[in-house]
Amino acid sequence: MTAASEKPHARPLAILQLNHTGRQSPLIIGGRGVFGGPPSSASSVPVRSRDKRDGVISQLAYWLLFPTPKTLSTEDIDDVIERFVRGAQLAHQAGFDGIELHASHGYLISGFLSPKTNLRTDRYGFPKELTIIESILNRIRATIPQPFAIGIKVNAADYVSGSVTAEQALEHTREMASWRMLDFIEISGGDYERPDFSASASPRQAFFAKFSRLALKALPQGDGMPVIMLTGSLRTKEVMTRTIRDGHAHLIGIGRPAVICPSYPRVLLQPPSSNAPEDAGLLKFPDPPSPLWLKVLNTGLIGAGINTAWHCALMWRIGNDYWGGLPASGGGIPEGGVPKIGGIRAMLELWRPWPGRPALVILLCLVLLARQHVTQDLNYRLNMSVDLSKAVGFQLQDHPVAWTKKDLLLYAIGIGAKKDDLSFVYELGQHADVTDFNKLVRSEPIPGLPKFDPSRIVHGSQSIESLKPLPTESGEGWRLKRRIIGIHENKSGVIVESEALLVDGNEVPYSRMVSATFNVGAKATGEKFSHAIGKAPSPQVVPKGRTPDYVVAEETSEEQAIIYRLSGDFNPLHIDPRIGQRAGFGGPILHGLGTFGFAARAVLKSIGNNDPAALLAFGTRFTSPVKPGDSLETSIWKMNESGDGVIDLAFSTKNLTSGKVCLGGGVARVRIGGRAKL
């Protein structure tokens, strides 16, 4: 895996990791003062030991170092997202080949993915816990040109009751991969409440190999899918080779061995001699020296902190050439061996807030911090009296509530109401008190056009062109900029073509839609008329007799129309039997855009790898009605394929129940190539 270069041996990629420690930012040693404000988190859940093996000293360390965090507001989260995006932009400007988002080990982003630490009820809470990651990735992809690699480090599990399970983590991995915005996913695990992830070498070596193998098998194959990277106490060439060979991962990480021996990657790539074992001559990696009293006191957090601090101290020495020069070639530990640094000394070197006497300063800070905690606790107990009788009759603050007609209709369908239960599922039923469709279509008259009968308006054609990927949620300021682009009158009625441009609050366009409505039997001038100032994508003619490249068959349900109308199209033609009969359809018909959606899914299922982002343009004519419960068959033909991975398609959809074509002259443009890979 190397960067593009004209040289025979291209340089390795340089990937910068971006992280926000969140609630795991400790006082004093985390760069924050003794009386500093609380850290930030998805929810106000403090860091506390969940390991029953931890002793009293370890519990005290958690209490002293990790105050209860504040819950981030939506504005705070927007700022966090922008800071990650800014970090990626700076990395790109500095010449890095990509970035990795740290969403593991209990840090801020990881906190949003865990039900233990994400108790939110807004758009960032469960089941939308991945929203913050998707927002960051969308913004980075929109602002940084390709090629630019993006990866993410995620937990296989937190190993804490009530937290992320392996099944949830696997689903997170699948969904993030489906966005096709990631180049690699690194598998890790653990957090500060169970800091096993930074423990010394395990006999099993590959901590998370089982999960990474499941993730690798679960991801769809094909362009645009990220590769899986496994890290976690990989030490020997034998284990690394077996990890790749047995399908546990595509890539492996060797961070800590490379800290002890900076030339270790070169050592691994050297072929072994013919008569020597594969791992002969490879290094034995020492664990950081820890004092006996640490093991006696059983302080898991401090032990993990010493392990991390020891490796960080070695990295500091590498960066400052403190070892007196690293070897230019060959392998092995630099001359003089690994510096003799004790674990406690490494921690003091790394975390000292001021130069001079770090141990004395840290001890003083801990005393002040303990005093602050005790004072706050005493004040709370003195000022908080308990009187249960006072709670009876206490008037809580009013909680505002609201609902819409969609809420009422959706509830009715949710409790089993069917298409014939009109008093529940139809807003004009005698028990419903909501606005009707007729008032909506009459609310905005168009100069030069007569009034049309709403019950005889049908959807003639529809197209959509994607100009920019849509965010998961719109936020405020979005709107449709609409205009009439064509009027056509013939003996059958009047066709009105309109264009709608979807823009955000900054007037940035995201999609263009062209729609034609057919006013059955309407008369304007009584003469033939046709004038247009814009048009939809033009369909391509399929040679007669050519066999389709793909055929997809699906069935609609009898409740399809009453469900689809909750998307916002409340035309009574699709629910009121009387109106459907009066219009000549024999009863309610399915929305044209409902059939439109069935055909779009058929195209993506056949050639777009079920990726909505692959659909660049889609349009069709509605040629005959579909009734709820009818069976559909979509035929798809490949037409033209460009060199940039974009293919033009033609399609038509047949109503197998009536035997008529219901969607004709279909045109689609699909991107079949994924994003740039590493």
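The questions and answers below go through helix packing and nonpolar cores in a predicted model.

Residues are numbered from 1 along each chain as its sequence is written. In this predicted model, local features need pLDDT of at least 70, side-chain atom pairs count only at pLDDT 80 or more, totals for chains, interfaces and linings use all residues, and side-chain values use heavy atoms, with hydrogens and water left out.

Student: How many helices and strands does the protein have?
Tutor: Helices (H or I, at least four residues) and strands (E, at least two) are DSSP runs, numbered from the N terminus. The protein comes to 20 helices and 18 strands.

Student: What percentage of the 678 residues is buried?
Tutor: Buried means under 20% relative accessible area, exposed over 50%, and partly exposed in between (1.4 Å probe, protein chains only). In the protein, the buried share is 43%.

Student: How is α2 oriented relative to α4?
Tutor: Helix α2 covers residues 74–93 and helix α4 covers residues 131–143; their axes lie 9 Å apart at an angle of about 40°. Axes are lines fitted to C-alpha atoms, for helices over the stretch in contact, and angles run from 0 to 180 degrees between N-to-C directions. Under 35 degrees counts as roughly parallel, over 145 as roughly antiparallel, 65 to 115 as roughly perpendicular, and the rest as oblique. Therefore α2 to α4 is oblique.

Student: Which class of residues has 8 members in the contact of α2 with α4?
Tutor: Contact means heavy atoms within 4.5 Å. Among the residues that meet are Ile77, Ile81 and Phe84 in α2, and Ile132, Ile136 and Ile140 in α4. Ala, Val, Leu, Ile, Met, Phe, Trp, Tyr, Cys and Pro count as nonpolar, Asp, Glu, Lys and Arg as charged, and the others, Gly among them, as polar. The contact has 3 polar and 2 charged residues, and the class with 8 is nonpolar.

Student: Is Ile136 buried or exposed?
Tutor: Ile136 is found in helix α4. Not counting residues up to four places away in sequence, Ile136 touches Ile81, Phe84, Val85, Leu101 and Ile109. Its relative accessible area is 0%, so Ile136 is buried.

Student: How far apart in space are Ile136 and Val85?
Tutor: In sequence, Ile136 and Val85 are 51 residues apart. C-alpha to C-alpha, the distance is 6.5 Å.

Student: Which residues touch the most other members of the largest nonpolar core?
Tutor: A nonpolar core is a set of buried Ala, Val, Leu, Ile, Met, Phe, Trp, Tyr and Cys residues joined through side-chain atoms within 4.5 Å. The largest one has 48 residues, and those touching the most other members are Ile99, Ile133 and Ile152.
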